[in-house]
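User: Could you walk me through this model, one piece at a time? I'd like to start with the strands and then move on to the helices.

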Amino acid sequence: MATQESGQQQPGTGRGRRAVLGAALLGAGAAAVGLPGAARADERHGPGHGHGYESLPKPTVVAHRGASGYRPEHTLGSYQLALDMGAHVIEQDVVPTKDGHLVCRHENDITGTTDVAARPEFASRKTTKSVDGANLTGWFTEDFTLAELKTLRAKERIPGTRRHNTLYDGRWDIPTLEEVFEWAEKEGRRRGRQIWLHIETKHPTYFRRLGLGLEEPLAKLLRRYGRHKKNSPNFLQSFEPGSIQRLAKLVAAPRVVLLSSANSRPWDFVEAGDPRTVADLIKPEGLAWLARFAQGIGPTLDLIIPKKADGSLGTPTTLVEDAHEADLILHPYTMRNENTFLPANFRKGTDPAAYGDAFGAFKAYFETGIDGIFSDNPDTALLAAADFAKD
């Protein structure tokens, strides 16, 4: 059975009992622009132990939506830059089109990430929908065929914060997940190594109610590209545990349950009347339940180190230790360089869009023993991990 083939790590391999390995590229920024003497990430540091995700460097740097601090998110340009910078894993969020294709967008609402609002031919598609309890007005992928979506161009989601990224507005289209797999295969052949991906099913309960279930077409694509096995170079992730349970029955690839704020509830729990909150899931009994069908968790960083009333970092929780005791890895999200996203004690100056002391914040999070981290700025994350390895 797929659940038996993929499900559990062997007893005694808990991450809390393994030393954290040095894992980052010193000079990743230089490598990204091809400066003399710059080395690739896989040439400058050793891998972890074991097979599959156990072989990834620690801390693992996951490029959040690609190198989204520098290019419009979820574009091939963003993914390529992240790979060139040396990111260990590159993230994709997937949503469906009207005709059932999986495309890479953080949300099905494409109002802020494409030029759809400026396209008069699609003006009538603007609508209001309730997605996981939130009322949203805009344009949605499930109302477009793939051919129609391919006529749109991607743009920067937060231009007020990342003004330089707007230079690349209109340069790339919306990639399909299949195109990403093709890109990863091509880059893998060119570099002589596997290209790791982190694939998230977005709003799976919502889409299943529309007859656009995500897990089955995702599993079909994974099998087509040989990425469905226990040691395949990708993680499958979702904020809905039910989606991960469904995937566990379809493929053996490693799986991660994402966890939002402590008082929140996964949307599939809301729909099913399950009263448990994230606070329940991060207790030892909740983590033991997650470990039945997942190999890791992706908690928000505030679950690792809560913030004080003034927005500065407080005292770390026991989540890292507890998750490792349950043989779960942790890839928390998301580190960004800009002041507006950093804990208050790591901000510099008063400009919210300016860079703060991201290295200081990375160090604080790495010291908790996390196995990896999502970052919009993978070059910064790699340098921070290299610093941590030398300490």
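**A covered strand**

Analyst: Strand E9 (residues 296-299) is covered on both faces, with Gly 296 and Gly 298 buried on one side and Ile 297 and Pro 299 buried on the other; buried means under 20% relative accessible area with a 1.4 Å probe, protein chains only. Strands (E, at least two residues) and helices (H or I, at least four) are DSSP runs, numbered from the N terminus. This is a predicted model, in which local features need pLDDT of at least 70 and side-chain atom pairs count only at pLDDT 80 or more, while totals for chains, interfaces and linings use all residues. Residues are numbered from 1 along each chain as its sequence is written, and side-chain values use heavy atoms, leaving out hydrogens and water.

User: Which strands pair with E9, and in what sense?

Analyst: Strand E8 (residues 255-259) pairs with E9 in the parallel sense over four bridges, and strand E10 (residues 329-330) also runs parallel to E9, joined by two bridges; a pair needs at least two DSSP bridges. Gly 296 stands opposite Val 256 in E8 and has Ile 329 as its bridge partner in E10.

User: How confident is the predictor in the chain?

Analyst: The mean pLDDT, the predictor's confidence in each residue from 0 to 100, is 90 for the protein chain, and 87% of its residues reach 70 or more. Over residues 1-47, however, the pLDDT is below 50, although this stretch has 104 contacts (heavy atoms within 4.5 Å) beyond near neighbours in sequence.

User: Switching to helix H4, is it enclosed or open?

Analyst: Helix H4 (residues 76-85) is largely enclosed by the rest of the structure, because seven of its 10 residues are buried, among them Tyr 79, Leu 81 and Leu 83. After H4 comes Gly 86, which has a positive phi near 105 degrees.

User: And how does H4 lie against H6?

Analyst: The axes of H4 and helix H6 (residues 177-191) come within 12 Å and cross at roughly 25 degrees, where axes are lines fitted to C-alpha atoms over the stretch in contact and angles run from 0 to 180 degrees between N-to-C directions. The two helices are therefore roughly parallel, a label for angles under 35 degrees. Their crossing is right-handed, meaning that the near helix is turned clockwise from the far one by less than a right angle.

User: Which residues meet there?

Analyst: Leu 76, Tyr 79, Gln 80, Leu 83 and Asp 84 in H4 meet Val 180, Trp 183, Glu 187, Arg 190 and Arg 191 in H6.

How values were computed: Buried < 20%, exposed > 50% of the residue type's maximum accessible area, 1.4 Å probe, protein only. Parallel < 35°, antiparallel > 145°, perpendicular 65-115°, else oblique.
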